[in-house]
Amino acid sequence: MSAESPLSIRASTQLCAVIGNPVLHSLSPAMHNAAFHAAGLDYAYLAFTVSDLAGCLTGMRALEGFQGLSVTIPHKIAILSYLDEIEESALKIGSVNTVVKKDEKLLGTSTDGAGAFRAIENAGVSLKDASVLFAGTGGAARAVAFALCTSGLPRKIMIVGRSAEKVEALTRDLETVSSSVEVLGGSFSENLLAWAEESDLLINATPLGMHGAAEQENSFPGVGLRADQAVFDMVYRPENTVLVQEAKKQGCKIVPGLDMLLYQAVIQFELWTGACAPEEAMRQALNNALRSRE
Ligand code: NAP
């Protein structure tokens, strides 16, 4: 039987879901249902478009078999006000992408940073004493920058963004995490090129290059890359963004954005079920779901 066979729903089936608005494009149902099936667990995963967040969480509390949530745009920040407990790192990041129901309580956490960390390790990119450049200051940049800073591994973290206030807020927050990591903030238009040159790992945490973006935003600005550098484009649609194509041409190591999506889901699965996630079934389902939309 294929890992993506439909689950059989019974009276005992436990529910997990992704909430967001819009959410119908989400690849998470394909990944998580394949995982539940491969692990032989009596769980199912649905996608709900939610505009009434408070009402949604009241419903989740009332429904006993409702075990977990993935949270996506626009609820990642607003949901903090409705939860019983929030894990410290999610509080620092200021956003939650995962809710776990435990002893009738709703606990919020973020798996984006840990997922990205695993994707970087899996790509064979060493963070030890590395100089890492983030382009972007949004939720994804915050989550991953906090994870990297908390590890204490990089020597330096540089952030470039369009808004000086957002860059300053993120650099200030990161400086409270580790005294051993130097944190520098700068401007996307003025510092990107020079800082990219001195970075060991360049991370695109903007939507630049994303499928469907306006023409002027359909690629990350050209930066001079060398074979001894690594590139992590969080954009995964298309998989081969212009930035990734250029990085491959120069012989750089690549951290696939799709791996971050996979590993943050692997961690969610383990939090909800307590079982070890069937990674290969999830990867296959993710690839199939993505290809079916091309
Ligand atoms: P977000 O909170 O909306 O932040 C987007 C960031 O990109 C902001 O800093 C924004 O700057 C900047 N930006 C937007 N358009 C730009 C442009 N034309 N030029 C320069 N900077 C620009 O979004 P997010 O949740 O952090 O997500 C960022 C990207 O990562 C998205 O493409 C998302 O799909 C991707 N992502 C991937 C994964 C994964 O698993 N691979 C997970 C999460 C996110 P302003 O603040 O000035 O608008």
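Trainee: Which residue in strand 11 is the bridge partner of Ile203?

Mentor: In this predicted model, Ile203 has Phe232 as its bridge partner in strand 11.

Trainee: How do you know that strand 10 and strand 11 pair?

Mentor: Two strands pair if there are at least two bridges between them. Strand 10 (residues 201-204) and strand 11 (residues 230-233) have four bridges, in the parallel sense, so they count as paired.

Trainee: Where do these strands sit in the sheet, and what is its order?

Mentor: The order is 9-8-7-10-11-12, an open sheet of six strands with parallel pairing.

Trainee: What makes strand 9 and strand 12 the edge strands?

Mentor: Strand 9 (182-187) and strand 12 (253-256) each pair on one side only. From one strand to the next, the twist averages 15°.

Trainee: Which strands does helix 5 touch?

Mentor: Helix 5 (residues 139-151) packs on the sheet and touches strand 7 (131-135), strand 8 (156-161), strand 9 and strand 10. The direction of helix 5 makes about 165° with that of strand 7.

Trainee: Which residues of helix 1 meet helix 9?

Mentor: Met31, His32, Ala35 and Phe36 do, and their partners in helix 9 include Leu261, Phe269 and Trp272. By class, this contact of helix 1 with helix 9 has eight nonpolar, three polar and no charged residues.

Methods: Residues numbered from 1 in each chain as written. Predicted model: local features only at pLDDT ≥ 70, side-chain atom pairs only at ≥ 80, totals over all residues. Heavy atoms only, no water. Contact = heavy atoms within 4.5 Å. Helix = DSSP H or I, 4+ residues; strand = E, 2+ residues; numbered from the N terminus. Nonpolar A, V, L, I, M, F, W, Y, C, P; charged D, E, K, R; others polar. Axes fitted to C-alpha atoms, helices over the stretch in contact; angles between N-to-C directions.
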